[in-house]
Amino acid sequence: FRLPVAMAAERSAAEMRERVVLGEFGVRNVHTTDFPGNYPGYDDAWDPRRFEEEFRVDVVREEDGVLEFDMVGIDAAVANAFRRILLAEVPTMAVEKVFVYNNTSIVQDEILAHRLGLVPIRADPRLFEYRNQGDEEGTEIDTLQFQLKIKCSRNPQAARESSDPNELYFNHKVYSKHMTWVPLGNQADLFPDADFRPVHDDILIALLRPGQEIDVLMHCVKGVGKDHAKFSPVATASYRLLPDITLLQPVEDEAAETLQKCFSPGVIEIQNVKGKKVARVANARLDTFSREVFRHEGLKNLVRLARVRNHYIFSVESTGILPPDVLVTEAIKILMGKCQRFLNELDTVPME
Amino acid sequence: VQADGTDGNCVTFVLHDEDHTLGNSLRYMVMKNPDVEFCGYCITHPSESKINFRIQTRGSLPAVEPFRKGLNDLMGVCQHVLDTFEVRLLPEELRGLF
């Protein structure tokens, strides 16, 4: 026999631990509180076996450079660490130095260099090293060289009255497909089959008119997003928590119809029970939580909007340099590398 | 890594070239340790990339121990996440092997 008060306290403690509740004007239970000693009756000390039992990863969708997967049983701090590493600390190759031999186009040198830096280069960064500090020349182990040499000329065969630039001029649009790889040193032997080029061929870099030309040499180096956003390997990487919608009381008829419109399509479905229309939560995962339901006085107390605290729905979209699953594995390895670095320092540096 | 404090129980580690990425996740792992009375981190100034990571232990355990255990636990978590993730990416047939 349990006192109702004790049961209510248990339920609210469980709720505080497992759910982040979205109220009308604010969000409650945001912070992680399941540390040892906070809750009597719960053993919260770190237990690797319990973590391994409860943890799971489900890949939902993997297509076209986008990977959507679920991580269940992990905490916000670690999930956020993975997201931050995906954005800022997974290395890639990008154009860093642009040697301008001739640029008579309308695009200024520095603007052209900036645009070239942002073009994603299809080159596996794991094959290259970081460039040493202060090294100006660049060796074959840390640099990729590209050349962009293009000149615009008038088309003598064009019709007299045409005003379409595609007919009048040759090479008036400079695309990323005009960037060609120039092997340095022994790169031609090291990478005989490799085809280093920009990921997309149709990135417009500059526009030219007859007589204008661009002749530049580019050095690509390995860098991280922390240094400059051009080195970030993801178009974006984000996560959200799994939504959890509970109906506190049965909702029927007209109220059920209104309730269905308050949420994203597919979240609430209406079933016909004994002639009455009853609302049921079909798929809470699809909801984007616009909180429209709080604008209806009659409905706002019938629903509890919450999120499951340890269920993360990650969405990683790659720029095309590396496939997204490789990016996630690299990010996890980078976090391990950071820990290892401090463990090594602890062992080597004497503590006073 | 620099450490200073009054006695072995309360130590502030200064971790260079780190930010919330390692700071928050390490703080979470150290807080899960029942011997730790206090654990927190702060970024001294946003222009400098270093964090002050402070651990205070109950009793007489030297503070380096929870720090080391936290790092090892975090490595264990990463390793398990990596393994689970890689198994999930394999096609159906091979998954039974793990």
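This is a predicted model: local features need pLDDT of at least 70, side-chain atom pairs count only at pLDDT 80 or more; totals for chains, interfaces and linings use all residues.

Residues are numbered from 1 along each chain as its sequence is written, chains are lettered from A and ligands numbered from 1 in the order in which they are written, and side-chain values use heavy atoms, leaving out hydrogens and water.

Aromatic pairs next. Rings of Phe, Tyr and Trp (its six-membered ring) pair if their centres lie within 6.5 Å; planes under 30 degrees apart are stacked, over 60 edge-to-face, and the rest tilted. That rule gives 13 aromatic pairs over all chains. B:Phe53 and B:Phe67 make a tilted one, at 5.8 Å centre to centre with 55 degrees between the planes. This pair links distant parts of the chain, with B:Phe53 in strand 4 (residues 50-57) of chain B and B:Phe67 in helix 2 (residues 64-89) of chain B, 14 residues apart. Helices (H or I, at least four residues) and strands (E, at least two) are DSSP runs numbered from the N terminus. There is also one aromatic cluster formed by A:Phe69, A:Tyr239, A:Tyr312, A:Phe314 and B:Phe85.

Now the interface. How many residues does the contact take from chain A and from chain B? It takes 45 from chain A and 38 from chain B, contact being heavy atoms within 4.5 Å. The count between chain A and chain B is four salt bridges, each a side-chain nitrogen of Lys or Arg within 4 Å of a carboxyl oxygen of Asp or Glu. One of them joins A:Arg84 to B:Asp19, with the closest N and O atoms 3.1 Å apart. Helix 8 of chain A gives the most to the side of chain A that touches chain B, 16 residues.

Last, A:His311, which lies in strand 18 (residues 303-318) of chain A. Is A:His311 buried or exposed? A:His311 counts as buried because its relative accessible area is 9%. Its side chain makes a polar contact of 2.9 Å with that of A:Asp70. A polar contact is a pair of N or O atoms within 3.5 Å; within protein, one must be able to donate a hydrogen and the other to accept it, and residues adjacent in sequence count only if both atoms are side-chain atoms.

Definitions and conventions: Buried means under 20% relative accessible area, exposed over 50%, partly exposed in between (1.4 Å probe, protein chains only).
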